[in-house]
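Subject: Structure handover

Hello,

Please find the structure below. My notes on what was found in it come after.

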Amino acid sequence: MSAMTTNGTVTVIGAGLGGIALIANLGLAGYRLRLHDRDHARIAKIRERGGLDVEGIVQGFAPVELVSSAIAPSVEGADVIIVVTGSHFHDDAARCLAPVLKDGQTILLIQGGTGGSLVVRRELARSGCRATVDVAEMDNYPYSLGWPEPTRVKMTIKKQFLQIASLPGTRIDTVMAKLGAAFPQAVAAPSTFTTGLTNMNATLHVANMVGNIGRLEATGNTYRFYAEGYTPSLITLLEALDAERLAVASAFGAKVPGIHAWLRQTYGLGGDSLRDTFHRLTYEATGPYQWTGTPPSLQHKYVIEDVPCGLVAMSSLGGAAGVATPVIDGLVTLTSAMLGRDFRAEGRNLENLGLGGKTVPDIRAIVEGG
């Protein structure tokens with residue numbers, strides 16, 4: 001397939017907030033869109049309307065040419081297939097895609113979590129996929145929105161800094177030739193070490209959830225997740241976690257931003273300290289965190305996705321490189337105990353990433369290519 005133009009065909013898999021935001025933005029940009037979700041009820045109104053009415057920072061009607069709960073027609077002829085299912089469903093999405101992919105298609109994970117492209121490559125191979133496809137990932141969701149009605153959305157934020165990487169890293173020029181016009185704010189990353197270890201969801205969410213468990217489980221209690229949740233002690237814990245993430249990245253030759261630098265670069269808004277920045281991102285008129293709700297319990301993607309698909313992978317990569325990650329390990333242990341699960345066993349450990357027994361040079365060769 002040729003490089004995707006503005007009139008290229010994009011399939012979005014997953015009709016949650018992330019997928020709907022992509023439909024709104026790419027539809028207004030002139031892409032031919034398909035939307036797939038297994039839950040017919042979730043997409044029925046969009047199919048009836050033929051698209052989405054978009055308000056906010058971008059406006060208009062975003063048409064969708066096909067809305068279907070069937071996977072094969074949804075991906076037939078698509079240049080790019082964007083998987084927006086949540087990182088903990090990447091393996092399942094890959095198994096569903098394996099028999100229907102065609103040579104030349106590109107799979108983009110938004111977002112990849114830590115190790116998402118490795119999971120997809122592994123599952124495509126296990127499922128006998130014969131097509132030659134590119135697999136890529138973005139380090140974060142590109143947009144935020146409100147979704148007041150099934151076919152009406154209000155766009156609130158377009159992030160200013162995103163990274164896209166391919167697996168292996170040597171395929172990035174081909175990938176960006178397809179994706180660059182769709183995501184003009186995104187830069188090419190050298191490898192999925194960079195995108196996977198710029199996993200700010202896992203970095204930002206888990207310490208806040210564990211540190212505020214009493215508030216979370218208090219009946220009827222809510223708090224401003226970032227501005228109030230990140231008290232001085234929890235900011236100290238967050239900075240320790242961030243230092244471990246940066247150390248793991250360095251061990252694999254990846255240059256990734258620290259959390260405070262990332263917040264300022266991504267949103268163009270911040271203060272002199274993390275606490276100041278959380279307050280500005282929450283309370284200023286253009287602050288993206290003013291819309292962030294308080295999760296009702298630990299049974300939320302901030303834990304059940306971000307721990308197994310983020311912190312476990314960071315810890316496991318650290319172990320392979322001889323980098324100690326006591327804060328990350330502690331959060332994995334605590335959330336596993338609190339929820340009665342073994343996130344380390346079920347999550348993205350080296351075995352589950354297809355990297356069991358590999359040395360750092362081995363892992364770099366797989367991820368970076370050559």
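The model is predicted, so please read every value below as computed from its atoms.

**The whole chain**

The secondary structure comes to 17 helices and 12 strands. Along the principal axes, the C-alpha atoms fill a box of roughly 50 × 45 × 35 Å. Buried residues make up 56% of the 370 residues.

Helix α8 (residues 200-211) packs against helix α15 (residues 326-339) at an angle of about 55°, and their axes are 11 Å apart. The two are therefore oblique to each other. Their crossing is left-handed. On the α8 side the contact is made by V206, A207 and V210, and on the α15 side by L331, L334 and T335. Sorted by type, the residues of this contact are five nonpolar, one polar and no charged.

The second pair is helix α11 (residues 259-267) and helix α12 (residues 274-283), whose axes come within 10 Å and cross at roughly 30°. An angle under 35 degrees counts as roughly parallel, and that makes α11 roughly parallel to α12. The crossing of α11 and α12 is left-handed. From α11 the contact takes I259, H260, L263 and Y267, and from α12 it takes L274, T277, F278 and L281. These residues divide into six nonpolar, two polar and no charged.

Most peptide bonds are trans. Two in this chain are worth looking up in the viewer.

- The bond from I110 to Q111 is cis, with omega near -5°. Q111 is in the loop between β7 (106-110) and α5 (116-126).
- The bond joining L167 and P168 is also cis, with omega about 0°. P168 is in the loop between β11 (162-167) and α6 (172-179).

**Two buried residues**

Is F183 buried or exposed? F183 has 1% relative accessibility, so it counts as buried. F183 is found in the loop between α6 and β12 (186-188). Leaving aside neighbours within four places in sequence, F183 is in contact with L22, I82, L108, I110, M138, P142, Y143 and I164. One of these contacts, I164, is listed with F183 again by distance: the two are 19 residues apart along the chain, and their C-alpha atoms are separated by 9.4 Å. I110, another of the contacts of F183, is the residue from which the cis bond to Q111 runs.

N25 is in helix α1 (residues 17-28). With 9% relative accessibility, N25 counts as buried, because the cut-off for buried is under 20%. Which residues does N25 touch, leaving aside its neighbours within four places in sequence? They are V58, Y143, M155 and K158. Y143 is in contact with N25 and also with F183.

Regards

Notes:
Residues are numbered from 1 along each chain as its sequence is written. This is a predicted model: local features need pLDDT of at least 70, side-chain atom pairs count only at pLDDT 80 or more; totals for chains, interfaces and linings use all residues. Side-chain values use heavy atoms; hydrogens and water are left out. Axes are lines fitted to C-alpha atoms, for helices over the stretch in contact, and angles run from 0 to 180 degrees between N-to-C directions. Helices (H or I, at least four residues) and strands (E, at least two) are DSSP runs, numbered from the N terminus. Angles under 35 degrees count as roughly parallel, over 145 as roughly antiparallel, 65 to 115 as roughly perpendicular and the rest as oblique. A crossing is left-handed if the near helix is turned anticlockwise from the far one by less than a right angle, and right-handed if clockwise. Contact means heavy atoms within 4.5 Å. Ala, Val, Leu, Ile, Met, Phe, Trp, Tyr, Cys and Pro count as nonpolar, Asp, Glu, Lys and Arg as charged, and the others, Gly among them, as polar. Buried means under 20% relative accessible area, exposed over 50%, partly exposed in between (1.4 Å probe, protein chains only).
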